[in-house]
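The following exercises each set a task and then work through a solution step by step. Please keep the sequence and the coordinates at hand while reading.

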Amino acid sequence: MKKEIIIAGFGGQGVLSMGKILAYSGLMEGKEVSWMPSYGPEQRGGTANVTVILSDAPISSPILNEFDVAIILNQPSLDKFESKVKPGGILIYDGYGIHTPVKRTDIDVYRVDAMDAVTEMQNEKAFNMLILGGLLKVSPMVKIENVLLGLKKSLPERHHKLIPMNEEAIKKGMEIIRKV
Amino acid sequence: MEDDIKLMKGNEAVAHAAIRYGVDGYFGYPITPQSEILETLTVEKPWKTTGMVVLQAESEVAAINMVYGGAGTGKRVMTSSSSPGVSLKQEGISYIAGAELPCLIVNVMRGGPGLGTIQPSQADYFQTVKGGGHGDYKLITLAPYSVQEMADFVGLGFELAFKYSNPAIILADGIIGQMMEKVVLPPFLPRKTEAEIIAETPWAAQGKPAGRKPNVITSLELDASKMEENNIRFQAKYKKISENEVRYEEFHCEDAEYLLVAFGSSARICQKVVENARNEGIKLGLLRPITLWPFPTEVINNYASKVKGILSVELNAGQMVEDIRLAVNGKVKVEHFGRLGGIVFTPDEILEAFKQKIR
């Protein structure tokens with residue numbers, strides 16, 4: 001098993017931390033993992049992306065041309081990465097930030113309206129966990145219990161009280177994702 | 001042991017490995033993309049556990065001179081920076097090499113010249129292996145290609161530095177510094193005691209016991225004939241290092257008709273290029289120099305008669321390619337492919353360049 005994933009959006013949306021939690025979850029399953037951020041001078045509002053690879057075999061390049069899964073959280077990221085999804089791959093987007101329809105017909109496209117959901121839940125910090133939930137619904141690459149273990153490992157202890165809220169957000173994301 | 005498998009950035013791995021190796025002092029100044037080294041040390045507070053000194057100096061120049069002083073007392077001391085900061089350290093590095101002191105320097109390279117960018121680059125190859133500072137000196141240069149090697153080369157760097165009384169440098173780049181991977185951290189070693197340091201480094205400035213001649217730590221020798229003798233001694237040492245410490249790794253080289261040569265993060269990307277090329281039926285191999293100085297000249301020379309062409313893949317405008325050309329001495333075609341100023345090539349770009357330039 002090998003999954004090559006790009007997560008791309010605005011800085012501040014939790015792009016890098018979502019990738020980190022995914023990588024930690026892979027680690028908990030005994031997989032090889034790599035997490036390579038675009039670490040430009042990017043701040044809240046700028047673009048940010050991270051490449052995460054989960055694999056049963058040792059990982060060669062952390063830099064990739066194309067991806068099995070693209071998680072797209074704003075329009076510039078769609079423009080940049082739509083063409084880089086492998087044929088037969090998966091593209092997941094949040095409807096709030098995307099203004100033009102996805103053109104590819106040789107990939108599976110899913111929409112998860114996480115921004116609307118977190119606004120309704122009045123918990124904007126759960127945004128990336130909803131997206132992660134959506135991802136795990138359509139491509140169950142790691143078990144939820146390992147995501148929770150990964151959260152425990154990656155979060156400082158003082159934030160462990162937030163884990164149940166994150167679990168709830170993941171489940172919500174699994175509910176609201178739908179095929180386009 | 002299980003507990004020692006961690007997910008962390010290359011920069012964080014350097015910091016943890018330094019504490020675990022029993023390093024006595026780290027002196028640094030923050031600069032992207034290596035600031036996590038100093039940050040991690042500050043979070044871990046090793047001064048409370050092992051007694052390791054962690055100091056943010058007022059500048060890179062101050063930091064390298066603190067390393068010079070610490071190394072002169074026989075302690076295990078290190079500094080880290082990124083390209084512009086490492087340029088500032090060059091005078092100190094030359095002095096440390098001239099005084100024949102062991103220490104570890106880490107350069108997590110970024111795009112230059114000048115202040116440049118903060119993105120990954122390998123454009124400090126020349127600076128590192130051809131001098132950088134003034135005078136005929138060499139740095140033992142280790143090029144990690146994984147977070148694991150970032151951790152492992154801290155210990156290896158100090159071992160080689162002390163074995164030869166010579167500065168060693170870890171030459172990484174923004175990719176290896178910033179990416180997170182699985183790493184098994186080395187076991188904890190206690191810091192050396194004062195008695196051990198005195199026994200192992202009889203040349204060090206430790207406080208003079210009665211009856212012993214003073215140990216003088218200096219790179220200055222105004223008598224040119226004596227300075228020549230010093231240089232002859234340095235060169236003999238460099239020859240010994242060249243004969244004994246070359247390290248490299250071969251990837252699918254057994255039946256290779258063509259060869260990529262790449263170090264550090266570029267070698268990781270080239271592994272994928274080799275996999276992709278072999279899927280297309282092209283017999284491509286990868287030779288990865290682990291020590292950039294001493295350079296695996298003989299190994300590459302041996303490939304000159306076995307392969308039809310060599311592509312040097314570097315995140316620069318063509319630096320290591322010169323050493324490859326010297327190694328093969330015209331026997332086989334050698335070309336270079338690179339991206340500049342902080343842009344990183346993809347596996348596809350490299351394979352395309354290989355097809356155009358070599359095949």
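**Exercise 1. The contact between the chains**

How many residues of chain A are in contact with how many residues of chain B?

Solution. This is a predicted model, in which local features need pLDDT of at least 70, side-chain atom pairs count only at pLDDT 80 or more, and totals for chains, interfaces and linings use all residues. Residues are numbered from 1 along each chain as its sequence is written, while chains are lettered from A and ligands numbered from 1 in the order in which they are written.

Step 1: counting two residues as in contact if their C-beta atoms, placed from the backbone, lie within 7 Å, one finds 18 residues of chain A in contact with 20 residues of chain B.

Step 2: on the side of chain A that touches chain B, α1 (15-28) and β2 (32-37) of chain A each supply at least two residues, and β2(A) gives the most, with 6 residues. Helices (H or I, at least four residues) and strands (E, at least two) are DSSP runs, numbered from the N terminus.

Step 3: sorted by class, this side of chain A holds 12 nonpolar, 5 polar and 1 charged residues, where Ala, Val, Leu, Ile, Met, Phe, Trp, Tyr, Cys and Pro count as nonpolar, Asp, Glu, Lys and Arg as charged, and the others, Gly among them, as polar.

**Exercise 2. Strand pairing and a residue at the contact**

Solution. A:S34 stands opposite B:E181 in β8(B).

Step 1: B:M179 lies in the loop between α8 (174-178) and β8 of chain B.

Step 2: B:M179 is buried because 26 other C-beta atoms lie within 10 Å, the cut-offs being 20 or more for buried, 12 or fewer for exposed, and partly exposed in between, with C-beta atoms placed from the backbone.

**Exercise 3. Chain A and one of its helices**

Work out the make-up of chain A, and find which residues of α3(A) are buried.

Solution. Step 1: chain A comes to 6 helices and 7 strands, which run β-α-β-β-β-α-β-β-α-α-α-α-β from the N terminus on. Its radius of gyration, taken over C-alpha atoms, is 15 Å, close to the 16 Å of the globule rule (2.2 Å times the number of residues to the power 0.38) for 180 residues, so chain A is as compact as a globular protein of that length.

Step 1: of the 180 residues of chain A, 47% count as buried. In helix α3 (residues 114-121) of chain A, the buried residues are A:A114, A:A117 and A:V118; seen down the axis of α3(A), they fall within an arc of 95°, so they line one face of the helix, the arc being that of the directions from the helix axis to the C-beta atoms.

Step 2: what covers these buried residues includes α4 (127-138) and α6 (163-176) of chain A. After α3(A) comes A:Q122, whose phi is positive, near 50°.

Conventions
Pairing = 2+ DSSP bridges.
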